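Here are my notes on the model. Please read them with the structure open.

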Amino acid sequence: MKMKRTMCAAMAAAMAVSAAGCGNSASTSETTAAAGGSETTAAAGGSETAAADSGASAEGEFVLGGSGPLTGSAAIYGNAVKNGGQIAVDEINAAGGINGHQVKWIFEDDEADAEKAVNAYNTLKDGGMQMFVGTTTSGACMAVIAETENDNMFQITPSGSTKDITAPANVFRMCFSDPAQGTKSAEYIGQNKLATKVGVIYDNSDAYSSGIYENFVKEAPNQGIEVVGAESFNSESKTDFKTQLQKLKDAGSELVFLPFYYTEASLVLKQANEMGWAPKFFGCDGMDGILSLPDFDTSLAEGLMLLTPFSADASDELTQNFVAKYKEAYGDTPNQFAADAYDAVYVIKAAAETAGITPDMSVSDITDAMEPAMLEVKMDGLTGKDISFDEEGEPNKAPKAVEIVSGAYKSLE
């Protein structure tokens, strides 16, 4: 059974720096979970008031809530999570629901802001939320985990990648953590012999970027990589990267690792082009979305590689069905954040069916049943095969990489 882990609320508040981490119907049989245990049903509460006070559903349906930035500079992430989760819920309901009960999906805009994320969480609770898919960004998630731990609310973040997010026993993660992304990026670059001399630009004011950077430089020597230069910027200096680029060029960088978000990365690519310098560029999940950035010349991203668990051009049936349905519903190609949210909802389904939970159970009882059940989950999803979770709340799945070719993501697998 998953061991209880503790998290100081003061530390969560101190680390609340906003960061993102990391049509045709798709058959639900393609996402499979390990069967286990017999179904158990908690006694239903008496009145609707009692049900509301405990978090139990008086309507006989499960209520899943999510939050993320639907407005602001990180809105691409939050809307993708909202849409990906909705597709999963619609599929699950069409196939009979979870343990025979329909699922309701409610979502709130937190603007990737710590204080607003707590407000959004409270609004979702008022709306009857019983399990939480959120939040989308790391800083907002750090602000909310103390709340969910206090409420004993089951939580799985699709894309909050800061390491300490999964410290409480009730919190799990669908994406890779920041340390894992740094390590996996170094492994991928080294094992695929993309470069031996690597320069890094990172945001030292951002926990997401700094965490990836620290673990990248730690793993690099093990992969035959020499980090020839590491240049930083912060939230007050994120528009002019010419100095950092010139230093990395002078140091002989064959590849530049960019562990931060696509908005700033687009400026790096533009300014490198203006300098006439064209090294290889490699990013992480925060880079996903650069092709949708308004007024960005996507030709500047030609050859850009990024580590991501999802590629919309993958040929497997589950991915192609999801992409087709997403395009039909939302007129856009889904990114990794949409895929992580989709998988997170299916993870909830798999664990809920193993645990045998029902909507009339209290939020706390649902969580107590879900925690051990999560350790039995083994499923194929959009973001990996044989996805499982360890006692620290972290996912086990293999990373993938994509390259931007002719204005579209192309799988490197």
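1. Over residues 23–53, where pLDDT stays under 50, how many contacts beyond four places in sequence does the model have? The model has 55 there. Contact means heavy atoms within 4.5 Å. pLDDT is the predictor's confidence in each residue, from 0 to 100. Residues 1–20 also stay under 50, and for them the model has 71 contacts beyond four places in sequence. For the protein chain, the mean pLDDT is 87. In that chain, 86% of residues reach 70 or more.

2. On conventions. This is a predicted model, in which local features need pLDDT of at least 70, side-chain atom pairs count only at pLDDT 80 or more, and totals for chains, interfaces and linings use all residues. Residues are numbered from 1 along each chain as its sequence is written, and side-chain values use heavy atoms, with hydrogens and water left out.

3. Strand β1 covers residues 62–68. Helices (H or I, at least four residues) and strands (E, at least two) are DSSP runs, numbered from the N terminus. Of the 7 residues of β1, 7 are buried, so the strand is largely enclosed by the rest of the structure. Buried means under 20% relative accessible area, exposed over 50%, and partly exposed in between (1.4 Å probe, protein chains only). In a regular strand the side chains alternate between the two faces of the sheet. Here F62, L64, G66 and G68 point one way from β1. V63, G65 and S67 point the other way.

4. Which strands pair with β1 in the parallel sense? One is β2 (residues 103–109), over 7 bridges. Another is β3 (residues 131–133), over 3 bridges. Two strands pair if DSSP finds at least two bridges between them. In β3, M131 is the bridge partner of L64.

5. Check the loop backbone. A cis peptide bond joins G134 and T135, with omega about -5°. T135 is in the loop between β3 and α5 (138–151). N99, in the loop between α3 and β2, has phi near 50°, a positive value in a residue other than glycine. At 18% relative accessibility, N99 counts as buried. A112 is not a glycine either, yet its phi is positive, about 60°. A112 lies in the loop between β2 and α4 (114–126). Its relative accessibility is 12%, so A112 counts as buried.

6. Now the rings. The count comes to 20 aromatic pairs. Rings of Phe, Tyr and Trp (its six-membered ring) pair if their centres lie within 6.5 Å; planes under 30 degrees apart count as stacked, over 60 as edge-to-face and the rest as tilted. F322 and Y326 form a tilted pair, 5.9 Å centre to centre with 55° between the planes. Both lie in helix α10 (residues 317–330), 4 residues apart, about one turn of the helix. F322 and Y326 are both buried. Ring pairs link F310, F322, Y326, Y330, Y342 and Y346 into a cluster.

7. Finally, a charge over a ring. K397 lies over the face of F176, at 5.9 Å from the ring centre. The rule asks for NZ of Lys or CZ of Arg within 6 Å of the ring centre and within 35 degrees of the ring normal.
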